[in-house]
Amino acid sequence: MTAMWGIQVALCTFSMLSLSSGGDVKPRSCGEVRQAYHALEYSIADVPHQEISADPLRICAPQGTTCCTAEMEDKLGLLSRHTFEDLMESSSHNMRTSFFSKHRKFDEFFLELLNNTERSFSTMFQRTYGLFYRKNSEVFQELFRELKRYYTGGNVNMDEMFNDFWARLLERMFQMLHSQYRFSEDYLECLNKYSEQLRPFGDTPMKLKPRVTKALIAARTFVQGLMVGREVASRVTKVNLPPACSRALTKMLFCPYCSGLPGLRPCNNYCLNVMRGCLANQADLDTEWNLFLDAMLLVADRLVGPENIQQILQPIDIKISDAIMNMQEKNFELRNKVFQLCGQPNLAAGRVRSSRSVFDSNPRYRPAASRARPTSAAGTSLEHLRIVWRNMQHSIKNIKKKLSESKRFWSKLPDEICSGGNRTEPDEEGCWNSHARGRYFPEVVREGLTNQLHNPEVELDITRPNSFIRQQIMALRVMTNKLKSAYNGNDIYFQDSSDEGSGSSSGNGCAADGCIPTPTETLPPAGSEAPVVRADRSDERAAAPAGRSAAHGPAPLLLLITTGLPLLVACSPPVPRSLWR
């Protein structure tokens with residue numbers, strides 16, 4: 001009996017002591033969290049003065065009590081998304097800006113080169129050929145229109161275009177040299193039928209066509225590549241975050257607030273696991289991105305080689321003039337052969353004069369006249385263009401350096417983010433490890449989607465890659481194939497369904513020592529690709545000086561971005577500052 005009474009007294013005493021002890025424990029103050037939360041430009045009224053129950057929280061739920069409400073957690077979750085988007089934007093800004101500025105600079109130069117070449121051509125031919133050129137100027141103007149249309153993205157078959165030019169020039173010259181005859185359409189068709197056998201312009205057509213074609217292919221494809229690189233980078237940086245990534249970012253960046261540790265930065269390895277999980281799909285872009293950059297570097301070498309576009313286009317007036325001279329010098333022999341092959345034409349009514357020269361001001365052609373460069377405004381423009389070209393060669397060296405530095409950009413991005421801007425805590429024992437202050441023990445996973453299977457921070461379905469990223473990978477693959485073909489002197493046409501024939505190439509092969517292997521991976525069938533879209537160059541035209549857009553015309557570059565989705569534009573309202581900005 002006495003023993004039982006003693007037990008009861010002990011139990012009552014323990015209960016009283018427990019109640020007395022429990023009454024002395026007070027909830028911790030959230031004053032530090034309130035100040036830090038207010039620094040994020042949120043209302044301090046959202047934060048409780050003292051810790052409350054953590055039960056309503058879904059992500060930041062420490063044991064027992066917390067300084068966060070469910071509303072705070074939602075706001076901090078949204079802020080973590082905006083913080084990540086800003087990080088992606090700032091991390092890729094220099095690369096995207098480089099692609100954009102170099103694209104505009106090279107595009108402007110190549111267009112200026114084409115326009116200036118046409119002006120120089122016109123000045124030289126008016127001085128040398130006089131009336132013949134004035135009467136037939138549309139033949140030469142059409143040549144330059146087609147060259148510019150091809151460069152700006154038009155689907156121009158260069159073989160056919162040059163063949164048509166020489167055919168029209170042959171018809172005009174032959175009729176002018178033999179104006180005493182009347183030539184029917186059938187007769188002119190016969191003349192062109194035997195043009196390859198007659199070779200009225202010597203070997204100029206055969207030599208000029210592949211050289212101009214290869215130079216324009218390299219210039220056009222390089223500029224297209226700069227735009228594709230910029231477009232892909234812009235799209236990839238704006239890919240929507242998966243829910244698992246949003247939760248992981250909130251837990252890493254702002255759950256310390258809820259635990260009363262608002263100034264605590266994450267452990268570096270913890271940050272790497274979160275970022276490699278969030279950027280797993282972007283890392284898979286790296287292989288095709290690197291191949292694309294390698295192909296860009298190859299074509300950049302073409303632009304400064306001996307067959308660059310400036311060296312090819314600048315003397316085009318001399319080359320065509322030499323062809324005209326060759327035909328005039330062979331006129332008697334050519335006429336006899338044509339008459340034998342196509343028959344004797346009828347004399348024009350009232351015309352009995354003999355053959356005449358195309359040089360109305362000079363009965364006999366003087367070779368020195370055609371080889372003298374214009375010394376007027378056109379000559380000054382050419383000298384200016386040479387200065388610009390020297391600057392462009394320096395720009396090519398600069399862009400090659402930028403391209404090389406951009407390799408492995410996507411796989412290195414998590415490391416760049418975590419190591420920059422004091423975003424992580426160097427003290428491995430005093431950092432946020434996802435639930436408290438202390439060392440982070442899990443291993444760091446490798447980059448790429450398949451390596452996220454055992455990522456402890458971001459749960460991803462590795463069997464479902466991001467379809468938008470896959471579209472960008474296809475865009476890079478298509479552009480890489482175009483660049484490799486351009487390096488070899490060929491161009492890939494992507495035809496509409498209404499086009500006939502293969503039209504796969506407009507080049508004429510490549511020198512044995514200048515080729516690279518043909519890409520082993522073939523392009524996908526037309527039905528498997530997303531629609532081809534054109535890049536919006538309106539921002540470039542708006543940034544260009546007044547009057548340039550009118551000179552360049554409205555034709556944009558044809559871009560081979562194989563995605564039907566528009567370029568996403570950040571239209572979100574301003575958000576509060578983050579500690580990571």
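Start with the whole chain of this predicted model. Of its 581 residues, 49% are buried. The chain holds 22 helices and four strands. Among contacts with a separation of 6 or more, 80% join residues 24 or more positions apart.

**Stop one: helix H11**

Select residues 268–278, which form helix H11. Nine of these 11 residues are buried, so the helix is largely enclosed by the rest of the structure.

**Stop two: H3 against H19**

Two packed helices are described by the angle between their axes and the distance between the axes. For H3 and H19 the angle is about 125 degrees, and the axes lie 11 Å apart. That angle makes H3 oblique to H19. The crossing of H3 past H19 is right-handed.

For the side of H3 that takes part, select Leu87, Met88, Ser91, Ser92 and Met95. They meet Phe409, Trp410, Leu413 and Ile417 of H19. An α-helix has 3.6 residues a turn, so residues three or four places apart point the same way.

**Stop three: aromatic rings**

Next, show the aromatic side chains. A search of the whole structure gives 26 aromatic pairs. In one of them, the ring centres of Phe183 and Tyr187 are 5.3 Å apart and the planes stand at 45 degrees, so this pair is tilted.

Are Phe183 and Tyr187 buried or exposed? Phe183 is buried, with a relative accessible area of 11%. Tyr187 is buried as well, at 9%.

Then select Phe121, Phe125, Tyr129, Phe132, Tyr133, Phe140, Phe144, Phe165, Trp166 and Phe201, which together form one aromatic cluster.

**Stop four: charges over rings**

Finish with two arginines. Which ring does the charged end of Arg220 sit over? It is the ring of Tyr150, with the charged end 3.9 Å from the ring centre. Move on to Arg302, whose charged end sits over the ring of Tyr487 at 4.2 Å from the centre.

Terms used:
Residues numbered from 1 in each chain as written. Predicted model: local features only at pLDDT ≥ 70, side-chain atom pairs only at ≥ 80, totals over all residues. Heavy atoms only, no water. Phe/Tyr/Trp six-rings, centres within 6.5 Å; stacked < 30°, edge-to-face > 60°. Buried < 20%, exposed > 50% of the residue type's maximum accessible area, 1.4 Å probe, protein only. Lys NZ or Arg CZ within 6 Å of the ring centre and 35° of its normal. Helix = DSSP H or I, 4+ residues; strand = E, 2+ residues; numbered from the N terminus. Axes fitted to C-alpha atoms, helices over the stretch in contact; angles between N-to-C directions. Parallel < 35°, antiparallel > 145°, perpendicular 65-115°, else oblique. Left-handed = near helix turned anticlockwise from the far one by under 90°. Contact = heavy atoms within 4.5 Å.
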